[in-house]
Amino acid sequence: MRNSKVRAMALAAIMGTIAYVLMLFKINVPILSVFADFDLSALAEIIGGFILGPIGAIEIISIKLLLKIATVGTQTMFTGELQNFLLSIAYVLPAVFYYRHHKTKKGAMIGLVIGSITCVVVAVITNLWIIFPFYIHLYGMDWDTIVSMSSAVNPWIKDVPTLIAFSIVPFNVISKTVVSVITMLVYKKISIPMKKFIQ
């Protein structure tokens with residue numbers, strides 16, 4: 001039992017490190033968001049979470065962000081890291097909790113859909129009431145400035161509601177769909193040796 005716990009912790013550390021490395025390879029999609037980059041770090045978080053459970057998932061996410069802060073630092077006074085943590089938790093934990101009670105391929109798919117929807121909702125809430133207000137206060141901006149920056153690359157964005165409809169929501173829907181599809185394609189093969197490692 002003790003060896004199993006140690007191996008589970010080791011696997012969480014490995015997956016957290018992989019998530020950190022994946023986070024370094026960012027893709028900017030300005031037409032969807034001039035404020036956020038897309039990366040595949042959630043892939044390591046969700047796969048690790050399916051195997052290790054919710055506590056393991058939180059450990060993986062925390063390790064990823066601690067490594068990022070230790071090596072790269074923060075350019076957003078930790079608000080970017082806070083947002084990353086909240087959205088990772090919102091995506092991974094609902095999927096993991098559902099999958100723990102429905103350990104089938106269908107259960108994994110439904111869990112990923114639930115996690116994606118939860119992540120989109122949390123992204124809207126946190127951007128409107130935490131992240132953007134912080135930037136507005138820190139840099140002396142206003143909502144009109146944020147809208148105009150977004151409108152410069154996406155003419156459909158005219159105000160805050162269209163910023164939500166044509167930036168925040170599609171960015172998170174597409175990013176989580178990509179991660180979910182890759183997870184479904186690779187999880188079974190990857191999970192077998194990982195489960196044997198912690199047994």
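When I say helix, I mean a DSSP run of H or I with at least four residues, and a strand is a run of E with at least two, all numbered from the N terminus. The expected span of a helix is 1.5 Å times one less than its number of residues.

Before we start: this is a predicted model, where local features need pLDDT of at least 70, side-chain atom pairs count only at pLDDT 80 or more, and totals for chains, interfaces and linings use all residues. Residues are numbered from 1 along each chain as its sequence is written, and side-chain values use heavy atoms, with hydrogens and water left out.

OK, helix α2, residues 41-71. It has 31 residues, and a straight helix would reach 45 Å, yet its end C-alpha atoms are only 16 Å apart. So where is the kink in α2? At Gly53, shortly before Pro54, and the angle is about 140°. By bend I mean the angle between axes fitted to the seven residues ending at a residue and the seven starting there. Just after α2, Gly73 has a positive phi of about 85°.

Helix α4, residues 105-139, bends too, by about 50° at Asn127. Just after α4 comes Gly140, with a positive phi of about 65°.

Now, packing. Two packed helices are described by the angle between their axes and the distance between the axes. Here axes are lines fitted to C-alpha atoms, for helices over the stretch in contact, with angles from 0 to 180 degrees between N-to-C directions.

The axes of α2 and α6 come within 9 Å and cross at roughly 50°. That makes α2 oblique to α6; under 35 degrees would be roughly parallel, over 145 roughly antiparallel, 65 to 115 roughly perpendicular, and the rest is oblique. On the α2 side the contact (heavy atoms within 4.5 Å) includes Ile46 and Phe50, and on the α6 side Val186 and Ile190 are among the residues.

Next, α3 (residues 79-101) and α6 (residues 160-198): their axes come within 12 Å and cross at roughly 40°. So α3 is oblique to α6 as well. Leu87, Tyr91 and Tyr99 of α3 meet Asn172, Lys176, Val179, Ser180 and Tyr187 of α6.

Last stop, Ile31, in the loop between β1 (27-28) and β2 (37-38). What does Ile31 touch, not counting residues up to four places away in sequence? Val153, Asn154 and Phe166. Ile31 and Leu65 are 34 residues apart in sequence and 26 Å apart in space, C-alpha to C-alpha.
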